[in-house]
Structure formats: structure tokens, C-alpha cells
Amino acid sequence: MSNWGRTLGRMLLGIIFGALFALFVGNTFDRCLAEQRERHTRVSLRGTKWMINDEITYPGAPAEGLLMNVRMVNATFEDRNRADFDPEANTQAFLNVLPEYVDAGVRAFTFNLQGGFPGYEGALNSAFETDGSLRPEYLARMEKVLDACDRLGAVAILGCFYQRQDQVLANEEAVQFAVKQTVDWIRRKGYTNVVLEIANEFPHRGFDHPILRTPSGQVELIRLARREAPGLLVSTSGLGDGRLPVEVAEASDFLLIHFNSTPLRDIPERIRILKRFGKPIVCNEDDKWGADAAQACRLCVAEGASYGLMLKKLNQYVPFEFKGVRDDPVFYSTLRMLTRAKSSAD
């Protein structure tokens, strides 16, 4: 064959392979677009202030710039060891009253791909397979709640791991793969109202994998999530004492703390200690209720920190109940006052 023939052959092969590659990439891109719906809510930070669709939260209210939230980690609960529990009905019960929570001033909900303690031991509640891959049936319920939050202008604090459930994952490579799969799913779905919580109370002894219960492991996973999905806001939460290790605070985009075991009198000082990091401070779990929850909320707002309620016996323990503001009328009355701007007539 002449040199010209060989050149022509290479050109034709190049054209064919180029067309096939373009077709493959185009189809892949189209599939990604097909998975994305129109999004209505975008969360971001401006300094230490929370923004939704480029507008500061609660403008003119005492809670301006904060992200007031409630813990609803078992809104997508399942127990593969129990045939008598209906996960779909449970999720729908939450969705039915979701607008009422938002109307009361809630701007973020904490969910988790491994849920939370349901009030009994032995539940199997995980969106992850043993290798860290994601289970479609669990994601379908999570997608429903994230989509509903998006339509209502609410943010989701989406957690990956929960103590008592990380045992599902075979090893630390599976944990890392689970993080990659989670952020890839968030990105493919086009969610702009989601911030990521790597682990719930990472130092908890209920975690088996060292990467999930050590500060260095959390820093590694935070950085991994950020590499996989640039622009996604990532953090992880500490125990109920309102404290965080320095390396975790420095690695996080915002600081997630819990106040379950923190007396009311200690809340202001715990917040002030964390202010030195110059990042938004978000309590996304406190099991106080009634007057105590209302006071904890006021103390957080006074110190410039967001507050998160956890009504564990009502919203997190079986049988789960979601009753809107009737969950805790005293707390939700206070939340309304803190999140609504005063009118000139007030």
C-alpha cells in the first residue's frame, strides 16, 4: 500500500473513532442532564453568613444570616430486618408536613444516608452496600425529600455515616468509595441546596472504622469530598459537648456542633471558643425541648450561631411522628419570633 493509502486509512480511522467518542460523550452528557431537574434553591456562604439564592437568610430578623434547622434523619428510615415497617409511608408522612416546618422558620433539615438511632438496637438502615456503592431504593426516598426541600427554598444538611451503621461497610476503602459515590450522586442530580456532613458525631464509640472516628480520618474524608465535588460545602459533626478538634474545624467549610449534653449556661462560651476559626457555626442537634429548647435557640442566635432541634422521642424514635409546629409549640413559637423581621408596626 502506498504512503497515501496508509495516510488516508489513518484519517478514516481517526474520523470514525472521533465520531464514536463524540457519540459516547454526548450520550453520557445527555444522561447526566436527564437526571437533573430544574433547581430552585442554591445555598452559599458570604463570610460567616448563610445565603439562599444569593440573599441573606432571615433579612432584618434576629436570626439574620443563620441556618435554623431541625433534625429529621429518620424521614427516610428503613429497617431491612423488619417487614412490618413501611419506609415509603414514613417518608410521605414527613413530606406532608414539610411546608409547615418551613413556614415556621426552618431553613434546613438534617438527613442522613444511614439515618439515626430509632430507639432500638439492631436496625439495618443504610443507603450503602458493603462496598460503598449506593442502593437505588434508598436514594429514591432521599431524592423525594431533597427535591421537596429544593422546591420550598430549604437546605439539606446531608450526612453520610451514622454510628451503629458503618459496620455495613466492609473496610475503609468502602468508606472512601461511599463518600465518592455520595458526592457524585449529589453532583449528577444537580442539587444546589445540599451541604455535606461526613459523619454524625464522628468521635462516637459506635463507629468501627478508624477513618470515621478520628480527627485525621475526618479531615481526609472532608478533603476527598471537596476534591470530588468542588464547591460543595463540607463539614462533620462532633459530640454533644459543643466542641470540635482544631484540625477538623480548620478543614471544614462550616462548623457542625451538637449541644445534647451541654447545659444552657455553657452554650454561649462553647460558641465563642469556636468563633476564632472565622467560620459559620451550626448546631444541628440538640435534644432539649420546650422552654429549654427555646432558650438554647435564643442563646445561639444571640451569639451568631445557627440552632438545630432534635426531638428524638417524637421525630427520631419509632413510631416516628411528624406533626409540624405541634411537635413542640413552645420551641416553634420562639423560632417564628427569631426568624421574622419586625414590621414598622411592631
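Predicted model: local features only at pLDDT ≥ 70, side-chain atom pairs only at ≥ 80, totals over all residues.
Two strands count as paired when DSSP finds at least two bridges between them.

Now the chain as a whole. There are 346 residues, and 54% of them count as buried. The secondary structure comes to eleven helices and eleven strands. If you take the contacts between residues at least 6 apart in sequence, 73% of them join residues at least 24 apart.

A word on confidence. The mean pLDDT of the chain is 92, with 88% of the residues at 70 or more. Residues 16–34 are another matter: pLDDT stays under 50 there, and the model has one contact beyond four places in sequence for that stretch.

Next, a parallel pair of strands. Strand β6, residues 155–161, is joined to β7 by five bridges, and the two run parallel. Across this pair, L158 stands opposite L196 in β7. Is β7 mostly covered or mostly open? Strand β7, residues 194–199, is mostly covered, with six of its six residues buried.

On to helices. Helix α4, residues 172–189, packs with helix α6, residues 215–228, at an angle of about 35°, and their axes are 9 Å apart. The crossing of α4 and α6 is right-handed. Which residues meet there? From α4 we have V175, Q176, V179, K180, V183 and R187, and from α6 we have E220, L221, L224, A225 and E228. By type, the residues of this contact divide into six nonpolar, one polar and four charged.

L98 has 1% relative accessibility, and since buried means under 20%, L98 counts as buried. What does L98 touch, leaving out residues up to four places away in sequence? The answer is F109, A148, C149 and L152. There is also F322, which is 224 residues from L98 along the chain, yet the C-alpha atoms of these two are separated by 8.6 Å.

Last, some backbone details, each in a loop. Y58 is in the loop between β3 and β4, the latter being residues 69–71. Its phi is near 50°, a positive value in a residue other than glycine. Y58 counts as buried, at 6% relative accessibility.

R164 is found in the loop between β6 and α4. R164 is not a glycine either, and has a positive phi of about 85°. Is R164 buried or partly exposed? With a relative accessible area of 34%, R164 is partly exposed.

Going from V318 to P319, the bond is cis, with omega near 0°. P319 lies in the loop between α10, residues 312–316, and α11, residues 329–339. That is where I stop.

Technical notes
Residues numbered from 1 in each chain as written. Heavy atoms only, no water. Axes fitted to C-alpha atoms, helices over the stretch in contact; angles between N-to-C directions. Helix = DSSP H or I, 4+ residues; strand = E, 2+ residues; numbered from the N terminus. Left-handed = near helix turned anticlockwise from the far one by under 90°. Contact = heavy atoms within 4.5 Å. Nonpolar A, V, L, I, M, F, W, Y, C, P; charged D, E, K, R; others polar. pLDDT = per-residue confidence, 0-100. Buried < 20%, exposed > 50% of the residue type's maximum accessible area, 1.4 Å probe, protein only.
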